[in-house]
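Dear colleague,

Here is the structure you are taking over.

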Amino acid sequence: MLLQDIGWSSFFESQLSAGPAGVPGRVASANHGRFLVWTETDGEGTGEVDASVTGTLRKSGALWPAVGDWVVLRPDAPVIDRVLNRQTRLSRKQPEREVREQVLAANIDVLFIVSGLDRDYNPRRIERFLVMANESGARPVVLLNKADLAPKLDLDLDEIVAGVQQMSVNLTVLPISARSDDNLSALPAQLARGQTAALIGSSGVGKSTILNRLLGDERQRTTEVRASDSRGRHTTTTRQLFRMPGGWLLMDLPGLREVQLWANPDQASTNTTAGGSNLEASFDDIQALAQNCRFRDCTHTAEPGCAVTSAAIDPARLANYQKMQKELAHLERKTNPRSAKEIRAKWNAIEKSVRSHPKRDQS
């Protein structure tokens with residue numbers, strides 16, 4: 001196994017000389033402070049190392065290894081000495097009151113957003129996953145799984161695909177059926193050799209079934225969803241990389257009950273609104289219309305001359321956009337106190353403008 005086969009590139013190569021010499025490897029799985037690391041083989045070694053982290057790394061507050069990370073092992077021991085800077089990073093806010101980042105996956109090229117066409121289908125959740133993908137730097141591809149159920153559920157599959165494609169420019173949307181293998185061959189075509197993808201979605205959408213079908217092996221345990229609400233149980237409990245036929249890599253992420261956004265504070269502080277550029281990239285139709293609003297700081301709620309509210313934008317999509325905008329602004333205030341005063345002043349001015357220009361009754 002060569003490093004290039006598992007994602008190694010000049011981006012990581014250039015970082016090796018910045019610290020103590022060691023053996024580069026990629027984190028394939030993590031479990032309670034123990035890490036399975038893939039390394040290059042010379043025909044004699046196994047290419048897999050069960051490693052821990054150094055005490056220095058544990059105490060330093062430096063990058064903590066996540067699945068997909070490239071790390072440097074000590075030459076003489078199975079210990080992770082440092083974590084190389086990430087090319088991409090898929091994160092969410094930790095699902096608790098404390099404002100903390102949870103890194104779900106590192107160094108992925110494509111994020112497969114899986115939504116079941118049964119009762120799991122939720123356009124608002126897909127929009128939220130698209131914001132996460134744009135924030136991470138990975139290219140999103142939406143997989144509409146269980147497409148074989150569309151006739152039974154009386155769904156217009158073409159209309160659903162077209163609706164999701166309109167969420168973002170050049171978005172790839174693939175209707176598939178993991179159970180019957182319909183269109184699964186389209187997934188490997190999204191990646192080149194050595195590239196990495198991750199599967200993300202709610203429990204029960206079929207992520208593990210997709211992985212097993214692509215591998216041609218029942219590697220991940222699966223269970224049936226509840227008939228009452230199409231919900232599934234968490235059968236995948238750990239993040240793990242798999243080498244796929246064709247030379248690419250796939251990570252199966254546990255199902256997410258909460259999809260709370262996270263924005264890189266350093267990047268967000270350069271935008272008007274926290275995570276602004278990535279939020280707008282996921283709602284480019286709203287952003288294009290907003291250029292024609294009468295007020296530059298229009299909130300698209302009650303201002304006169306708003307090009308967004310006067311257009312045929314789905315009210316639920318607009319409400320979701322505004323909800324995430326406020327969520328990211330709140331996150332910015334918590335993670336970047338220096339900009340909190342500026343953001344507060346901006347929103348005070350917006351609220352004052354709204355009060356001064358109440359929306360007229362159109363009836």
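Does α3 pass α9 in a left-handed or a right-handed crossing? The crossing is right-handed. Please keep in mind that this is a predicted model.

**Helix pair**

Helix α3 covers residues 123-136 and helix α9 covers residues 315-335. Their axes lie 10 Å apart, and the two helices pack at an angle of about 40°. That angle is why α3 counts as oblique to α9.

On the α3 side, the residues in the contact are Arg-124, Glu-127, Arg-128 and Val-131. On the α9 side they meet Ala-316, Arg-317, Asn-320, Lys-323, Met-324 and Glu-327. Sorted by class, the contact between α3 and α9 has six charged, three nonpolar and one polar residue.

**Cysteines**

How many disulfides does the structure hold? The number is zero. Two cysteines can be followed up in the model, Cys-293 and Cys-306.

For Cys-293, the closest cysteine sulfur belongs to Cys-306, at 4.0 Å. A disulfide needs the two sulfur atoms within 2.5 Å, so the sulfur of Cys-293 is too far from that of Cys-306 for a bond.

For Cys-306, the closest cysteine sulfur is in Cys-298. The distance there is 3.7 Å, which is also too far for a bond.

Are Cys-293 and Cys-306 buried or exposed? Cys-293 has a relative accessibility of 11% and therefore counts as buried. Cys-306 is buried as well, with a relative accessible area of 4%. The cut-off for buried is under 20%.

Regards

Note on methods:
Residues numbered from 1 in each chain as written. Predicted model: local features only at pLDDT ≥ 70, side-chain atom pairs only at ≥ 80, totals over all residues. Heavy atoms only, no water. Axes fitted to C-alpha atoms, helices over the stretch in contact; angles between N-to-C directions. Helix = DSSP H or I, 4+ residues; strand = E, 2+ residues; numbered from the N terminus. Parallel < 35°, antiparallel > 145°, perpendicular 65-115°, else oblique. Left-handed = near helix turned anticlockwise from the far one by under 90°. Contact = heavy atoms within 4.5 Å. Nonpolar A, V, L, I, M, F, W, Y, C, P; charged D, E, K, R; others polar. Buried < 20%, exposed > 50% of the residue type's maximum accessible area, 1.4 Å probe, protein only.
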